[in-house]
Amino acid sequence: MDSLWLDSVNKFDNLSSLNEDIEADICIVGAGILGVTSAYYLSKLGYKTVVLEKDNIATKTTAFTTGKITSQHGLFYSYLIKTFGANFAKDYLNSNEKAIENIVNIIEDEKINCDLELQNNYVYTMSASGLPAIEEEISAVQSLGGACEFTTTTSFPFKIKGAVCFKNQAQFNPLKYVHALCQKSIDRGAIFYVNTVANNIEKYGELYQTFANNHIVTSKYVIVASHYPFMKLPGLYFSKMYQSTSYIIAIDPKKTLPSGMYICSEKPYFSFRTAMFNGKRILLIGGFEHKTGQPVFYKDSYGALENEAKRLYPDCEILYKWSTEDCISLDKVPYIGSYSPSLPNVFVGTGFKKWGMSLSNVAANIIVDAIRNVDNKYAGDYSSLRFDVFKNFKEFKNMMVQSANSLIFNKLKPSEKDFERIKNNSGGIIQINKDKVGIYKDSNGKVFAVKPVCTHLGCLLSWNDVDKTWDCPCHGSRYDFTGKNLYNPAFNDLETYDLNEY
């Protein structure tokens with residue numbers, strides 16, 4: 001289902017796909033918020049910039065965010081101090097606060113109408129057992145020189161035990177913002193190509209060649225802003241990052257809504273923010289995160305959000321519902337900077353762990369400064385060349401076990417379903433002769449059959465009966481029921497079958 005944001009803007013229908021070999025100073029792969037922000041900054045500096053997007057402008061992760069612009073990324077600063085030290089944590093806080101300032105300044109300078117509102121942001125607990133973590137976080141933030149407050153009240157219709165409040169945070173319509181930046185970049189000479197799938201980057205003397213749609217973009221610099229890095233080697237990002245899926249609904253509560261942005265500090269996780277819809281203020285409720293590829297049921301995703309909405313606002317109307325997918329590094333800090341030591345002048349930004357509105361601006365500034373050969377005080381903190389699995393060895397071990405199961409062992413197990421047991425509007429993997437076949441039956445019983453093996457590294461896919469997608473439990477690639485690739489690192493579609501062949 002399309003998000004509220006996608007329905008609020010018109011697509012860039014005047015953009016074409018790449019149909020010739022071209023040259024540029026900089027080639028950017030991906031036109032989400034990171035790619036477009038980078039193009040905006042670079043076009044202002046006079047660089048000839050080309051952006052390649054496999055779909056349309058900002059139609060994937062950016063289009064399915066909550067649109068919160070905040071430096072408060074859950075109860076995170078006490079973790080950062082314990083894991084990396086106070087100097088690192090202070091840099092993280094200051095870089096994200098600077099990002100908020102940057103975004104507000106861009107909106108004001110360019111006169112962008114994107115429903116920007118300054119808001120207080122709250123991380124709250126509803127249980128007494130959650131108070132020590134709240135108090136520890138407040139002490140951590142204040143020790144870094146950050147401004148935060150403790151409160152026991154909220155203007156929402158539920159009681160809390162306590163919350164950390166960050167003032168002067170913000171929310172906006174991310175699609176209106178990104179579309180405006182895209183147009184400003186085009187006006188300054190940047191070239192955007194849509195429906196253009198980049199599949200490789202190779203060094204070419206002192207330059208780079210980016211291969212897409214059977215054509216080549218030759219450039220001095222490349223920025224990989226494709227959500228999840230699409231090249232298997234080098235970089236090994238698939239071994240130090242995983243993807244997480246969460247869910248959002250938009251409701252008309254049929255009541256006046258309070259201000260503020262909220263997120264719960266413990267399970268069940270709920271996130272709240274208001275937004276404008278057809279001149280009226282509505283409420284977004286998000287939560288129920290799980291690792292992409294794990295089994296999920298409606299009652300534990302959209303159903304749980306709908307129940308919470310009805311509990312808070314019994315007469316509410318559900319307007320939209322959508323899911324989003326985010327990359328999360330093993331140590332919870334984004335990878336920003338050089339893609340690999342073997343690819344100087346190729347840059348990456350990924351692993352924003354659901355806080356991409358501020359972190360995308362942090363990343364764009366670090367990368368643009370590197371291209372300009374200007375020191376950025378935060379570059380070392382986010383270095384994409386680090387690889388320290390022991391910061392979260394448990395998650396690293398889980399990733400390796402899941403990959404082994406999906407790559408090898410699950411392929412050898414007999415399928416538990418058969419064709420007749422798959423109901424309409426549902427799917428699953430069946431065995432035909434010695435082959436595993438992914439089956440989806442639409443509401444009318446029409447059958448769609450695919451080879452349920454990820455085109456990235458060959459992991460066995462799992463059926464997501466909530467979103468009607470094929471999801472990779474190894475690295476988070478997703479495909480719709482027809483086999484069309486939706487999310488990278490994979491960029492090829494699934495092989496499809498005609499069941500008449502069997």
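Predicted model: local features only at pLDDT ≥ 70, side-chain atom pairs only at ≥ 80, totals over all residues.
Residues are numbered from 1 along each chain as its sequence is written, and side-chain values use heavy atoms, with hydrogens and water left out.

View 1. S323 lies in strand β15, residues 317-329. Helices (H or I, at least four residues) and strands (E, at least two) are DSSP runs, numbered from the N terminus. S323 is buried at a relative accessible area of 11%. Buried means under 20% relative accessible area, exposed over 50%, and partly exposed in between (1.4 Å probe, protein chains only). The side chains of S323 and D467 make a polar contact of 2.8 Å. Such a contact is a pair of N or O atoms within 3.5 Å; within protein, one must be able to donate a hydrogen and the other to accept it, and residues adjacent in sequence count only if both atoms are side-chain atoms. Beyond four places in sequence, S323 is in contact (heavy atoms within 4.5 Å) with F64, T245, S246, Y247, Y302, D467 and R478.

**View 2. S271 in strand β13.** This strand spans residues 270-277. S271 counts as buried, with 11% relative accessibility. Its side chain joins that of K68 through a polar contact of 2.7 Å. Residues touching S271 from beyond four places in sequence include T66, Y262, L284 and G286.

**View 3. An open sheet of four strands.** The order is β21-β22-β23-β24, with antiparallel pairing. Two strands pair if DSSP finds at least two bridges between them. β21 (462-464) and β24 (485-487) stand at the edges; each has a single partner strand, so one side of each lacks a neighbour in the sheet. β21 pairs with β22 (residues 469-471) over three bridges. Here N464 stands opposite T469.

**View 4. Helices α1 and α5 packed together.** Two packed helices are described by the angle between their axes and the distance between the axes. Helix α1 (residues 33-44) packs on helix α5 (residues 174-187) at about 35 degrees, with the axes 9 Å apart. Axes are lines fitted to C-alpha atoms, for helices over the stretch in contact, and angles run from 0 to 180 degrees between N-to-C directions. From α1, I33, V36, T37, A39, Y40 and S43 meet Y177, V178, L181, C182, K184 and S185 of α5.
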